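Reader: I'm new to this one and would like to know where the labels come from. Could you take me through them step by step?

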Amino acid sequence: MAEGDREIEIRTRATGLREAVSALDSRIKDAYVKSRLRFVANTTDDVTRWFVGTALEERRTPAELSRWLDAAEYILAIAEHEYKSVSEIVEKVGPDLKSY
């Protein structure tokens with residue numbers, strides 16, 4: 001896959017995740033769960049702004065660009081994993097869950 005295509009794929013994943021976070025966040029009230037979603041949102045925003053946003057703008061060798069996009073994918077995967085964890089809890093317990 002060309003690096004420009006990787007950048008588009010990462011951006012698409014990040015946008016979809018950000019939309020999913022916003023939708024789930026609007027359904028829940030619990031502050032702790034919201035803080036976990038805030039982590040996902042902030043991490044996703046970082047990937048979009050700092051990794052993907054600058055990936056093709058700054059001069060990098062092909063190897064440097066590949067490593068930069070590898071890092072973006074790695075960090076996005078962390079955010080996706082955290083979102084999956086939170087959404088599974090909300091699915092099992094319901095949006096009115098309360099943490100203690």
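Author: Happy to. Let's start with a cut-off: a residue counts as buried under 20% relative accessible area, as exposed over 50%, and as partly exposed in between. Keep in mind that this is a predicted model.

Reader: Why is F51 called buried?

Author: The relative accessibility of F51 is 16%. Buried means under 20%, so F51 counts as buried.

Reader: And what makes W68 partly exposed?

Author: W68 has a relative accessible area of 27%.

Reader: Why is the pair of F51 and W68 called tilted?

Author: Ring centres have to lie within 6.5 Å to pair, and planes under 30 degrees apart are stacked while those over 60 are edge-to-face. F51 and W68 have centres 5.0 Å apart and planes at 40°, and that makes the pair tilted. The pair also links distant parts of the chain: F51 is in helix α2 (residues 31–55) and W68 in helix α3 (residues 62–93), 17 residues apart.

Reader: What makes you say that R60 lies over the face of W68?

Author: A distance is part of it: the charge must be within 6 Å of the ring centre, and also within 35 degrees of the ring normal. R60 is at 4.1 Å from the ring centre of W68 and lies over its face.

Reader: What is the overall pattern of the protein along the sequence?

Author: The protein reads α-α-α, with three helices and zero strands. Its C-alpha atoms fill a box of roughly 50 × 20 × 15 Å along the principal axes. Of the 100 residues, 33% count as buried.

Reader: Which residues does V21 touch, and is V21 buried or exposed?

Author: V21 is in helix α1 (residues 3–25). Its relative accessible area is 3%; the cut-off is under 20%, so V21 is buried. Leaving aside neighbours within four places in sequence, V21 is in contact with L37, V40, A41 and Y83.

Reader: How much of the contact in the protein comes from residues 24 or more positions apart?

Author: Among contacts with a separation of 6 or more, such residues account for 75%.

Reader: And what about the surface and the charges?

Author: The accessible surface is about 6,300 Å², of which 56% belongs to carbon and sulfur atoms. There are 16 positive and 19 negative charges, and their mean positions are 5 Å apart.

Definitions and conventions. Residues are numbered from 1 along each chain as its sequence is written. This is a predicted model: local features need pLDDT of at least 70, side-chain atom pairs count only at pLDDT 80 or more; totals for chains, interfaces and linings use all residues. Side-chain values use heavy atoms; hydrogens and water are left out. Helices (H or I, at least four residues) and strands (E, at least two) are DSSP runs, numbered from the N terminus. Buried means under 20% relative accessible area, exposed over 50%, partly exposed in between (1.4 Å probe, protein chains only). Contact means heavy atoms within 4.5 Å. Accessible areas come from the Shrake-Rupley method with a 1.4 Å probe; for residues, only the protein chains shown count as cover. Lys and Arg count as positive and Asp and Glu as negative; His and the chain ends are not counted. The place of a charge is taken as NZ of Lys, CZ of Arg, CG of Asp or CD of Glu. Rings of Phe, Tyr and Trp (its six-membered ring) pair if their centres lie within 6.5 Å; planes under 30 degrees apart count as stacked, over 60 as edge-to-face and the rest as tilted.
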